[in-house]
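Take a moment to look over the chain below.

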Amino acid sequence: MSLTQDALWHKDAVIYQVHVRTFSDSNGDGVGDFQGLAQRLDYLQELGINAIWLMPFFPSPLRDDGYDISDYESVHPAYGTLEDFKKFLAGAHERGIRVIIEMVLNHTSDQHPWFQESRSSQNNPRRDWYVWSETDTRYRGTRIIFVDTEMSNWAWDPISKSYYWHRFFSHQPDLNYDNPAVREQMWNVMKFWLEIGVDAFRLDAVPYLVEREGTSCENLPETHAILKELRRKVDQEFPGRMLLAEANQWPADLRPYFGDGDEFHMAFHFPLMPRMFMGLKLEDRKPITEIMQQTPEIPASCQWCLFLRNHDELTLEMVTDMERDYMYDVYAGSKSMRLNLGIRRRLAPLLDNDRRRIELMNGMLMSLPGTPIIYYGDEIGMGDNIYLGDRNGVRTPMQWSGGWNGGFSSADPESLYSPLLLNPVYGYQAVNVLSQKRTEHSLLSWMQRIIRVRRSTRVFGAGSIEFLYPANHRVLAYVRQLGNETVLVVNNVSSSAQAVELDLRRYKGNILIEMFGRNIFPRVGDLPYLLTMGPYQFYWFRLRRI
């Protein structure tokens, strides 16, 4: 099928996040590649997703898993060729699946030819492509992001005998966006991929593009001006393509990234995610309703992006110190589970592999306002390896079967880019796609079903939300509405059975149709509507006047 030119496709998307390297190895060298990914597109189509977000696959020294780019217009040889990418893209489009790729605007690798030129001498034509200084005392008010590894945002370059600016690792120098040549060059890079046919970019680390003395060097007006200009060019030359912002900020600080619908189409809702985990542990809806109350209205064409887990740590930047201590206590008892200001775990281990909690969290992910992202392997309940360094513990090979290397690769196990999980709970013999396809009660089958139900209506992607506040604070309930369609969602965030009375008087005369089994629940009358719920149970109801 060909993809329609629907400018709002991102509002109805269900996105699957995957790293080419981790998914499927077609040539037996121990590393996933584009041909392997292309061969697994039928699996993704059956799962029901309609967009894939790929982590960086460009040539890179791979000191930061590809976010340190040394060539923006090519494919890392381990993953194949540009031709392989184009074939994968065509295969995805044939199945109605759009492709979102990374665009790391803020910095390059120190191995990039631009930086090599820039550092070669102080009068090189590309000197001004990066941010250089004679001292390391400028921009004092700027926080350090990787607190575990970096002491400063400045690094000394012995070749040109001066300091360069980096917001992330010291091997990732920041580009200088005050230079028009840099802005022009980065647009050319985006144009290169848009012309090949990619549907969207996830723009990495966008709050940090511009530096100004006396500021935090985040969210500056000059940064927004650059982003608006990029959006204008995308709309003008490639209508229907989408920009997704990675800006780990409070909702109010994130709001300007949507502009008046003229900056980003989508942005991640970072602060919501830790509070979903918090609400579950506290058995209280308050952390979730509180952050949603702080979430501003956004333009009608824009959308939040929601996720439970991804390739990074479960970030605790956007919580209070007290909340962070609580999250560490309950979700990361061992120090080795923590990194920077976060927890480096996958979804299933975070939830003690409790199927009921995994289902509830996915139920909330799929029914709160926004576009959901599923991290590869979470649909089968994969585990993590906290003994691997950095964030690699959640980036182990996809587990396809109980056979050789879990069906990921025909290589010798020793030559895989990362060891497979072997433990009796999460190891590939216990958790894999093939065995879960054999039973309709598996997590994989359940995930296919919930994605199908979510995609049966536009109300979840585009509808309004109104929270109900029943006396029982262990129940999170909300009404989603779009046009004449109304859906009631009720979640029990408690580990024990609960009864709840909901004030549904304004829907008097409606019957409730449970969306998974299509069974009819009693009609709404004058009295509070009584529901009884098992531990971690949730309901989705369509309201119907019959």
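Which residues does Gly-381 touch, not counting residues up to four places away in sequence? Gly-381 touches Ala-348, Tyr-426, Val-431 and Leu-443, where contact means heavy atoms within 4.5 Å. Gly-381 lies in the loop between β14 (371–375) and α14 (433–437). Helices (H or I, at least four residues) and strands (E, at least two) are DSSP runs, numbered from the N terminus. Gly-381 has 7% relative accessibility, so this residue counts as buried. Buried means under 20% relative accessible area, exposed over 50%, and partly exposed in between (1.4 Å probe, protein chains only). Arg-346 is 35 residues away from Gly-381 in sequence and 8.6 Å away in space, C-alpha to C-alpha.

Some ground rules come next. This is a predicted model, in which local features need pLDDT of at least 70 and side-chain atom pairs count only at pLDDT 80 or more, while totals for chains, interfaces and linings use all residues. Residues are numbered from 1 along each chain as its sequence is written, and side-chain values use heavy atoms, with hydrogens and water left out.

Now step back to the whole chain. The chain is divided into domain 1 (9–106 + 177–455), domain 2 (113–165) and domain 3 (463–544). These bounds come from an automatic or database domain assignment. The centres of domain 1 and domain 3, taken over C-alpha atoms, are separated by 31 Å. Across the two, 26 residues of domain 1 are in contact with 24 residues of domain 3.

Where does the largest pocket lie? Domain 1 and domain 3 both give residues to its lining, so the pocket lies between them. It holds about 460 Å³ of space. Of the 21 residues that line the pocket, Glu-297, Ile-298, Pro-369, Gly-463 and Ile-465 are the closest to its centre. The elements that give two or more residues to this lining are β10 (303–307), α16 (459–462) and β15 (464–468). The largest share, four residues, comes from β15. By class, the pocket lining has 11 nonpolar, six polar and four charged residues. Here Ala, Val, Leu, Ile, Met, Phe, Trp, Tyr, Cys and Pro count as nonpolar, Asp, Glu, Lys and Arg as charged, and the others, Gly among them, as polar.

How are such spaces found? Rolling a probe the size of a water molecule over the atoms shows where empty space is left. On a 1 Å grid over the protein atoms alone, a cavity is a set of points where a 1.4 Å probe fits but cannot get out, and a pocket is an open set with protein on both sides within 12 Å along at least five of seven lines; lining residues have an atom within 4 Å of a point. Grid points are joined across faces, edges and corners, and a volume is the space filled by probe spheres set on the points.

The structure holds two cavities of 30 Å³ or more. The second largest cavity has a volume of about 60 Å³. Its lining includes Leu-308, Arg-309, Asn-362, Tyr-375 and Met-447. β14 gives the most to this lining, with three residues. The lining has seven nonpolar, one polar and three charged residues.

Turn to the strands. Two strands pair if DSSP finds at least two bridges between them. Two bridges join β4 (residues 132–133) to β6, and four join β5 (residues 154–157) to β6. Ser-133 has Tyr-163 as its bridge partner in β6, while Trp-154 stands opposite Trp-165. In the hairpin of β5 and β6, Lys-161 takes a positive phi near 50°.

In a regular strand the side chains alternate between the two faces of the sheet. In β6 (residues 162–165), Ser-162 and Tyr-164 point one way and Tyr-163 and Trp-165 the other way, and all are buried. β21 pairs with β18 (residues 498–502) in the antiparallel sense over five bridges.
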